[in-house]
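Dear colleague,

Please find below the structure that I am handing over to you. My notes on what was found in it follow.

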Amino acid sequence: MQPRNMSMSGVVDLAAVKAAGEAKAKAEQARAEAARQAGQAGGAGPSAGAVPPSALVIDVDEAGFERDVLQLSAEVPVVLDFWAEWCEPCKQLSPLLERLTVEANGRLVLAKVDVDANQMLMQQFQIQGIPAVFAVVAGQVLPLFQGVAPEQQIRETLAQLVQVAEERFGIIGIEVDPNAEGPAPAAADADEAEAPAGPYDALLEAAVVALDAGDLGGAVQAYKNVLADDPLNTEAKLGLAQAELLARVQHMNPQAVRAAAAENPKDPAAQIAAADLDLVGGHVEDAFGRLVDTVRVTFGEDRDAVRLRLLELFEVIGADDPRVSAARTALARVLF
């Protein structure tokens, strides 16, 4: 049962959250196999599935820069290491960056650029000397440092990069499978008994039942109970974001909310409320565009409130949706 005056057309069906989570898991397994093959070939492209550790450090050239760096930066911060074979400081810095990237366990990807073979990229980044290190987040370039820096300083810089990517753009990195390069698991026996239910299946089922009954508060609490023990549970994160969205809009007067938003284009609260209604009505791009435009014209705490609501709406739709990637890039452009 859905609250009155709302249509979920174009938005994920809340009653099918569990099924959607299972379908996503199967898709990620397929992408993980493709990522494993890409890592063994020495390259990596954008992928939302689990990747082997070798795929976290890649060589990039001008031809593949858009795919391997710009597109990938919508999922994970990409650190650019400009180096050359003849550069002695590079031989000190590059292994350190590789080690720290692997230690970050999917929160970063290191893209190595040989400047001798990629003069155009060197010119585009206006590099005067190497080694030079940049980052790309949601398609936006951030200079980090030039030359060899102490390990602790580099660690702190990369930690700040990860924090900015997560807090400002909702980019939390990619999943790493440490066993991806090991031997393939043995095929399951045809007569093998069905795997037992997971530890959170009962809570997740209770959340779906609560949603069907219109008990949004109960659904929210059930999802929060799962996340208290398993903060990365994809199904619970998606369900919580959707249940909270429905709870926010169930008592809204759509006409009054839209009138207030039209009369007050710079009012964060008015635009946030209208964006919630946009999303529930299936107008995903309108909701994202409204909040990006509001971020552009607000400052301080008002801007942070709008940005955080936009990140919450990203959770409702899901990181794999191209509309989310496009909105993240738009958000980056107005923040930097």
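Threonine 101 has its place in helix H3, residues 88-103; helices (H or I, at least four residues) and strands (E, at least two) are DSSP runs, numbered from the N terminus. This is a predicted model, in which local features need pLDDT of at least 70, side-chain atom pairs count only at pLDDT 80 or more, and totals for chains, interfaces and linings use all residues. Residues are numbered from 1 along each chain as its sequence is written, and side-chain values use heavy atoms, with hydrogens and water left out.

Threonine 101 counts as buried because its relative accessibility is 2%; buried means under 20% relative accessible area, exposed over 50%, and partly exposed in between (1.4 Å probe, protein chains only). Leaving aside neighbours within four places in sequence, threonine 101 is in contact with Leu56, Val57, Leu108, Val109 and Leu110, where contact means heavy atoms within 4.5 Å.

Helix H3 also holds arginine 99 and glutamate 103, four residues apart, about one turn of the helix. These two form a salt bridge, with the closest N and O atoms 3.5 Å apart; the term denotes a side-chain nitrogen of Lys or Arg within 4 Å of a carboxyl oxygen of Asp or Glu. Arginine 99 is partly exposed at 38%, as is glutamate 103 at 42%.

In helix H5, glutamate 151 and arginine 155 are likewise four residues apart, and their salt bridge has its closest N and O atoms at 3.2 Å. Arg99, Glu103, Glu151 and Arg155 are linked in a network of salt bridges.

Yours sincerely
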